[in-house]
Amino acid sequence: MAEFFHLLLNIDQSLGVWVAQYGAWIYLILALIIFGETGLVVLPFLPGDSLLFIAGAFGANGQLDPVLMAVILIVAAILGNSVNYAVGRYIGPKVFSHDYRFLDRKALLKTHAFYEKHGGKTIILSRFLPLFRTFAPFVAGVAGMRLALFQLYNVIGAVVWIAGLITLGYFFGNVPIIKEHLNTIVLIGVGAAAVPAALGVLWKLLRRRPGAV
């Protein structure tokens, strides 16, 4: 069991072993991993970006069908976010209908307004941010973001994320220097996406301070 979880948490490094061992079942395994990371808030630690990139490289080698894989994983990503949203939508009203001292109803209203205005960008950008992509659809559900609006950006985000990273892996995943420094590249990519978002939030907080220009 310990070996299984080690392989699961390091599947981006051990994908070749899984392909050889499970054959066509690897598509289902990959789909379950993508679904779990995007659909279950208790599994934000599952590999995502690097896994898709490496899978694209295996597609270039002919060990996986990149088109079939992309279609299956896009569906898994859409379903994952949908389940996560549905859980948040179910839990949100129940939690905030009680007077808990540690919960702020005004915060819920502000979050709802934020997702109505910026929810689309949040859902799409969160696809490329580990942890954020796990919690963003859940928070969207809690905040009561409109379902039609959520699903529109859910589909767009899934297509861009899955197809984009598989395509990058297909064309660049087997370049020696990239293979040797994959973890560093992933961290740089995450930082490039996360830093502007964090600076934007910080700027808004500073503007709200008394006396801010």
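**Exercises on helix packing and cores**

Helix α4 (residues 49-60) packs against helix α8 (residues 147-172) at an angle of about 50°, and their axes lie 6 Å apart. The model is predicted: local features need pLDDT of at least 70, side-chain atom pairs count only at pLDDT 80 or more, and totals for chains, interfaces and linings use all residues. Residues are numbered from 1 along each chain as its sequence is written, and side-chain values use heavy atoms, with hydrogens and water left out.

**Exercise 1.** Classify the orientation of α4 and α8.

*Solution.* Step 1: angles under 35 degrees count as roughly parallel, over 145 as roughly antiparallel, 65 to 115 as roughly perpendicular and the rest as oblique. Step 2: the angle here is about 50°. Step 3: α4 and α8 are therefore oblique to each other.

**Exercise 2.** Describe the contact of α4 with α8 by residue class.

*Solution.* Step 1: contact means heavy atoms within 4.5 Å. Step 2: the residues of α4 that meet α8 include Asp49, Leu52 and Phe53, while those on the α8 side include Trp161, Ile162 and Leu165. Step 3: by class, this contact has 11 nonpolar, 3 polar and 1 charged residues.

**Exercise 3.** Locate Met69 in the largest nonpolar core.

*Solution.* Step 1: such a core joins buried residues (under 20% relative accessible area, 1.4 Å probe, protein chains only) through side-chain atoms within 4.5 Å. Step 2: the core has 29 residues, and Met69 is one of those that touch the most other members. Step 3: leaving aside neighbours within four places in sequence, Met69 is in contact with Tyr27, Leu30, Ala55, Gly56, Leu64 and Ile166.

Technical notes
Axes fitted to C-alpha atoms, helices over the stretch in contact; angles between N-to-C directions. Helix = DSSP H or I, 4+ residues; strand = E, 2+ residues; numbered from the N terminus. Nonpolar A, V, L, I, M, F, W, Y, C, P; charged D, E, K, R; others polar. Buried < 20%, exposed > 50% of the residue type's maximum accessible area, 1.4 Å probe, protein only.
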